[in-house]
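Please walk through the pockets of this protein and then through one of its helix contacts.

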Amino acid sequence: MRHTKLIILTILAAWLAAPGAASAQEIKLKLSHFTPAAHNHHVNVIMPWVEEVKRKTNGRVEITVFPTASLCKPPQQYDCAKSGIADLAWGVTGWTPGRFPMSSVIELPYMHRTAAVGSQMLADLWPKYLSKEYDDVYVLYMNVHPAGHIHTHSKLIRTLDDFKGMKIRTPTAVVGDMLDTLGATKVGMPANQIYESMYNKVVDGFDMPFEALPPFKLIEVSRYHTEVGMYTTAFAMFMNKARFDSLPPDVQKVLIDTTSLQSGYWRRVGESWDRAEIVGRKAVLDQKGEIYVLPKEERKRWREAVRSMDEKWAADLESKKLPGRALLQDARAISARYGESE
């Protein structure tokens, strides 16, 4: 009997050591992000992708998602993936100032209007420029939100003069420079701190697309909404490089194929955000929020006020031996090609 058990154990050990058996073992991955579980990106991008990966690996890959910054703080998503605290993390590239300077080109004022075009622009710029910034992690995809607007609690902004001196939350350094240029006072903070800051009137307002207002409950603390569509924020799905390299080739292929820029995935992610933008804007109106769309001539004033930022941004990159002017020229040309330049 003992001899029989030994034979069975030897056969089992040999089977587990075989390449086919090892690749069939379950793979558990952790994915961190900072938005609420009600946010469009969690509901309509991340969770469907998690299920797609599970389906295409025949149930072998199980991704556990940690929303609402429950695993890593909002500004730490990149480091969360790089260090291996999470295997994957989706976050704002601009929350690590100076680390991804070329990626910040998309944040320059009036670079695009829709998230679909902005996300496609990142895909177009990725091979020649942006890919060189992410040697420490594997990037599955990048995206942007629709061009953002100004939301305030006590004063409706109708003109550039109304905006001057107001304390406005900023998500990134480039957007902060834009607020400085327009005469506002920038206040940096992640999205999950806006509600309390608005409620306690620490800030006069914040800049965001409409899609973000319902999931972050910001309709409750903002009465006035000035539709300016002048900036965006870049996001990326980071993956720990060692963890990616440790995966079986067929699993690596699934992760790449399901998110590749060649398949149009980056643009489709942006399209999801554009659909959410329509829903968010309607929610503001349903809650009796007042939306003011800048007239054409006033919008030109805002655009002209920030036009000098392009050269300042490009010169800063050139001083770091980066191709700032070439990148900027290509980005503006791509925006024009897609019909969203101003």
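In this predicted model, 22 residues line the largest pocket, and those nearest its centre are Ser104, Ala173, Val174, Trp313 and Asp316. Two elements, helix H7 (173–182) and helix H13 (309–319), each give two or more residues to this lining. H13 supplies the largest share, 5 residues. Sorted by class, the lining of the largest pocket holds 9 nonpolar, 7 polar and 6 charged residues. The volume of the largest pocket is about 350 Å³.

The second largest pocket contains about 270 Å³ of space. It is lined by 16 residues, with Arg113, Ala147, His149, Glu227 and Glu277 the closest to its centre. Here the most lining residues, 4, come from helix H11, which spans residues 265–286. The lining of the second largest pocket divides into 7 nonpolar, 3 polar and 6 charged residues.

Two packed helices are described by the angle between their axes and the distance between the axes. For H7 and helix H12 (residues 296–306), the axes come within 9 Å and cross at roughly 115°. H7 is therefore roughly perpendicular to H12, given that angles of 65 to 115 degrees are counted that way. The crossing of the two helices H7 and H12 is right-handed. On the H7 side, the contact is made by Met178, Thr181 and Leu182, and on the H12 side by Trp302, Ala305 and Val306. Of the residues in the contact of H7 with H12, 5 are nonpolar and 1 is polar, with no charged residues.

Conventions:
Residues are numbered from 1 along each chain as its sequence is written. This is a predicted model: local features need pLDDT of at least 70, side-chain atom pairs count only at pLDDT 80 or more; totals for chains, interfaces and linings use all residues. Side-chain values use heavy atoms; hydrogens and water are left out. On a 1 Å grid over the protein atoms alone, a cavity is a set of points where a 1.4 Å probe fits but cannot get out, and a pocket is an open set with protein on both sides within 12 Å along at least five of seven lines; lining residues have an atom within 4 Å of a point. Grid points are joined across faces, edges and corners, and a volume is the space filled by probe spheres set on the points. Ala, Val, Leu, Ile, Met, Phe, Trp, Tyr, Cys and Pro count as nonpolar, Asp, Glu, Lys and Arg as charged, and the others, Gly among them, as polar. Axes are lines fitted to C-alpha atoms, for helices over the stretch in contact, and angles run from 0 to 180 degrees between N-to-C directions. Angles under 35 degrees count as roughly parallel, over 145 as roughly antiparallel, 65 to 115 as roughly perpendicular and the rest as oblique. A crossing is left-handed if the near helix is turned anticlockwise from the far one by less than a right angle, and right-handed if clockwise. Contact means heavy atoms within 4.5 Å.
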